[in-house]
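Student: I have a model open and would like to learn how to read it. Please take me through its features one at a time.

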Amino acid sequence: MPSVRWTEWKTWDNWKRLCGTEIDGLGLTGNLRELEERGYTVLLPGQLGGHGLLERAVEALLRVAEERTGVRPDVAAGEFGPTLHAGSHQHQSWLQGGLLSTDAAFEQIIQHPMTLPLLEYFLGPGFLLSAFNALIKRRDPAISRDNGVTGGGFHTDVHLYPFEPLPDPPMVFNTNWCLTDYSKDDGALAVVPESHKLRRNAQPGEAEKLAVPVEAPAGSVIVFHGNLWHGSFPRVTPGLRLTVTAFYSAHYCRPQEHFPGQVTDESVARNGERFRQLVNLQDIWGIETEGDHGVPRWERGTGATLRQVQEGTVTHHGRRYRIEDDDTITEHAAGRPRYVPVD
Ligand SMILES: O=C(O)CCC(=O)C(=O)O
């Protein structure tokens, strides 16, 4: 995130210029252009840098699915156990809630250095992780390549915003991490290119006619705009499609999941400031008692007052910090604190 004071950028144009410089330095200008023009882009494994993240994420997903359902998904045979959200549409099953802290690979995914700058460009400073889910999908026996393969379940992701035109700048952005290959027959994400510019939801049946598959090899990530019409194609090949979705919202929006109440101590200990900020652990809002006022969530329950927090130091996981106001978001209370290591 550009660590420039709010008073020095203040407008969206300035913000985007700052972020654009960082994006350019990472070689992501083409991806940014696709996001602006089409509403989605694919970052390929070669751009993401590998380091075994794909393999670790697949293993984590299979392990957690087995813990939750009693059945280890069989990626080749196309079988998985019953989950709470099974069969929403098209023979797919969502693992929702409490997934993030189950594996360090997932924590790495939500703060990946190649996705965050693109998200920041559109969502602004201090954006949050809104939800972290997994999706397991198998062949739909009712559909074959011969009887037509159309996309289904089309929606935008701006679930909390009840008005049209849809918000611009967008309030939310999505990343779908393809843990297996994505082709149309594999049941890929279906999108309507440029539909994010329409700033409205699709009429029934409208998106199906215009949808195209987002095809990508395993290990890619699809980044897409919150106002984009999307769904997915039914799977007509054997085996499973595996996906994890990291969904983000702007700093001023309400996240879907309450991460501060769910991330484990081990998870926080093995991650840094960016992770704590994304899961809203350093938030000063969500006040419950008078003593909470201005006190970051991470300090709540310790009995520390605002004055003690501001004037002293705090210790977490063996590390001592001074807490400063972060004026890179705004210059007053809507900002968030910054934890500066003291030793
Ligand atoms: O790939 C899919 O099946 C749909 C994903 C989706 O709708 C989402 O991540 O919001």
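Student: Which strands each supply at least two residues of the shell around the ligand?

Tutor: Strands here are DSSP runs (E, at least two residues), helices likewise (H or I, at least four), numbered from the N terminus. In this predicted model, S6 (172–178), S10 (230–232) and S11 (241–249) each give at least two shell residues. Gln92, Leu135, Asp157, Asn174, Asn176, Leu189, His230, Ser232, Thr243 and Thr245 surround the ligand.

Student: How does the shell divide into nonpolar, polar and charged?

Tutor: Ala, Val, Leu, Ile, Met, Phe, Trp, Tyr, Cys and Pro count as nonpolar, Asp, Glu, Lys and Arg as charged, and the others, Gly among them, as polar. The shell has two nonpolar, seven polar and one charged.

Student: What should I trust, and how do I count?

Tutor: The model is predicted: local features need pLDDT of at least 70, side-chain atom pairs count only at pLDDT 80 or more, and totals for chains, interfaces and linings use all residues. Residues are numbered from 1 along each chain as its sequence is written.

Student: Which residues have the most contacts inside the largest nonpolar core?

Tutor: A nonpolar core is a set of buried Ala, Val, Leu, Ile, Met, Phe, Trp, Tyr and Cys residues joined through C-beta atoms within 7 Å. Buried means 20 or more other C-beta atoms within 10 Å of a residue's own; exposed means 12 or fewer, partly exposed in between; C-beta atoms are placed from the backbone. The largest core has 71 residues, and Val191, Ile222 and Tyr248 have the most contacts inside it. Strand S4 (128–137) provides the largest share, seven residues. Another core, of five residues, lies apart from it; Val295, Val309, Ile323 and Tyr339 are among them.

Student: What is Ile222 in contact with, leaving aside neighbours within four places in sequence?

Tutor: Contact means C-beta atoms, placed from the backbone, within 7 Å. Ile222 contacts Tyr40, Val42, Thr175, Asn176, Cys178, Leu189, Val214 and Ala216.

Student: Which residues of helix H3 are buried?

Tutor: In H3 (29–37), Asn31, Leu32 and Leu35 are buried. They share one side of H3, because they cover an arc of only 100° around the axis, taken from the directions from the helix axis to the C-beta atoms. On the other side, Thr29, Gly30 and Arg33 are exposed. The cover over the buried residues includes helix H2 (12–25), strand S1 (40–43), helix H7 (116–123) and strand S9 (221–225). Just after H3, Gly39 has a positive phi of about 95°.

Terms used. A residue is near a molecule or strand if its C-beta atom, placed from the backbone, lies within 6 Å of it. Two residues are in contact if their C-beta atoms, placed from the backbone, lie within 7 Å.
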